[in-house]
Structure formats: C-alpha cells, structure tokens
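Q: Please walk me through this model feature by feature. I want the general idea each time, then the case at hand.

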Amino acid sequence: MSLKYCQGTQCHTYKTKDRLKGMQGSKTYQTRRRSDFYYGNDNFCSLNCQNDWFNKFGDQAINHFGRTTQAKHLTEENAWVKDYDYNYRDQNNPKSNYRFVNMITKEQRPLTESQYDDSTYTLNESE
Ligand SMILES: [Zn+2]
C-alpha cells in the first residue's frame, strides 16, 4: 500500500486534527497523505481541495488540453452510451446484461463486462 499526497493547493491550510503532524512541540498542519482519495479521480481528499486546485490551475489545464470553442453536436455517430441493468438477477439468462444504447436511434448492441469496464472502448466515431 503506497501513500500519496492530496494534490489540493491549500490542503495544509485546513486546520483539522488529522492534518496536525510532527514531533511534540513542533507539530505543523500538513497536506493529507493516504492510499486512496475519493475525489478528482483519486487525487484529492475533499471537494474543497479539488476546487482549490481547479481555481488555481483549471484555466491552464483547459487551455493545455484544448478549450471548447464551438458547440459539439449529438448525432447518431457519437450517441452511444454504455448501459447496465443494476437489478439484473437472472443467472440462467445467457443474454448479456451490458449493452450499448444509441441515445438518438435507441438501437441497442450487446457488450461484454470487460468491454463495459474498458473506458477506452466505444462505438462513437467522435466525441
Ligand atoms: Zn486535501
């Protein structure tokens, strides 16, 4: 189990007991360090820390990866979404519980569980 630091730019400024660390007499509030974080794709200890990061770096990040400058259009070619029936219980039914659904045409196509879990697997031809 490896520990990592919260990426929040102000994490150390939030005075909570768990952030106060160090030798007796020289304790300081420190950036949280854990094996898992629940926010921002496992990078931030709280929504506050995620927002602090975005307020400082969000514009730079958007400019770096490409700012949206015109409307995207939902068409048949990019309307595929993965769907899953959470109440599925019938073990005897061999039909896959995972599927692609086209939000425009309503067409459904079967999907394996591993394809469902693969975030890069898509039928969409563009974003
Ligand atoms: Zn934090």
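Q: Which residue in strand 6 is the bridge partner of tyrosine 84?
A: Two strands pair if DSSP finds at least two bridges between them. Here tyrosine 84 has tyrosine 98 of strand 6 as its bridge partner. Strand 5 and strand 6 are joined by 5 bridges and run antiparallel. Helices (H or I, at least four residues) and strands (E, at least two) are DSSP runs, numbered from the N terminus. Residues are numbered from 1 along each chain as its sequence is written. This is a predicted model, in which local features need pLDDT of at least 70, side-chain atom pairs count only at pLDDT 80 or more, and totals for chains, interfaces and linings use all residues, while side-chain values use heavy atoms, with hydrogens and water left out.

Q: How many strands form the sheet, and in what order?
A: There are 3 strands in an open sheet, ordered 5-6-7, with antiparallel pairing. Strand 5 (80-84) and strand 7 (108-111) are the edge strands, each pairing on one side only. On average, neighbouring strands of this sheet are turned by 30 degrees against each other, direction ignored; the axes are lines fitted to C-alpha atoms, for helices over the stretch in contact, and angles run from 0 to 180 degrees between N-to-C directions.

Q: Over how many bridges do strand 6 and strand 7 pair?
A: Strand 6 (residues 98-102) pairs with strand 7 over 4 bridges, in the antiparallel sense. Valine 101 has glutamine 108 of strand 7 as its bridge partner, and arginine 99 has proline 110.

Q: What lies between these two strands?
A: Strand 6 and strand 7 form a hairpin with 5 residues between them. Lysine 106 lies in that loop and has a positive phi of about 70 degrees although it is not a glycine. Lysine 106 is exposed, at 59% relative accessibility; buried means under 20% relative accessible area, exposed over 50%, and partly exposed in between (1.4 Å probe, protein chains only).

Q: Which residues of strand 6 are buried on each side?
A: In a regular strand the side chains alternate between the two faces of the sheet. On one side of strand 6 Tyr98, Phe100 and Asn102 are buried, and on the other Arg99 and Val101. With 5 of its 5 residues buried, strand 6 is therefore largely enclosed by the rest of the structure. The C-alpha atom of asparagine 102 is 9.5 Å from that of leucine 123, 21 residues away along the chain. Leucine 123 belongs to the segment after helix 2 (113-117) and is partly exposed, with a relative accessible area of 25%.

Q: Which atoms are the protein donors of the zinc ion?
A: Donors are N, O and S atoms within 2.8 Å of the metal (3.2 Å for Na, K and Ca); water is not among the atoms, so sites may look incomplete. The zinc ion has Cys6 (SG), Cys11 (SG), Cys45 (SG) and Cys49 (SG) as protein donors, lying 2.3 Å from it. Along the chain the donors follow the spacing C-x4-C-x33-C-x3-C. Cysteine 6 is in the loop between strand 1 (4-5) and strand 2 (20-21) and cysteine 49 is in helix 1 (residues 47-65), so this pair ties together parts 43 residues apart in sequence. Cysteine 6 is buried, at 4% relative accessible area, and so is cysteine 49, at 0%.

Q: What is the geometry of the site of the zinc ion?
A: Four donors count as tetrahedral if all angles lie between 85 and 135 degrees. The 4 donor atoms of the zinc ion make angles of 106 to 114 degrees, and the site is tetrahedral.

Q: Where is the kink in helix 1 centred?
A: The bend at a residue is the angle between axes fitted to the seven residues ending there and the seven starting there. Helix 1 has a kink of about 65 degrees centred on phenylalanine 57. The buried residues of helix 1 are Cys49, Asp52 and Gly58. After helix 1 comes glycine 66, with a positive phi near 115 degrees.

Terms used: Tetrahedral: all angles 85-135°; square planar, octahedral: opposite > 155°, others 65-115°.
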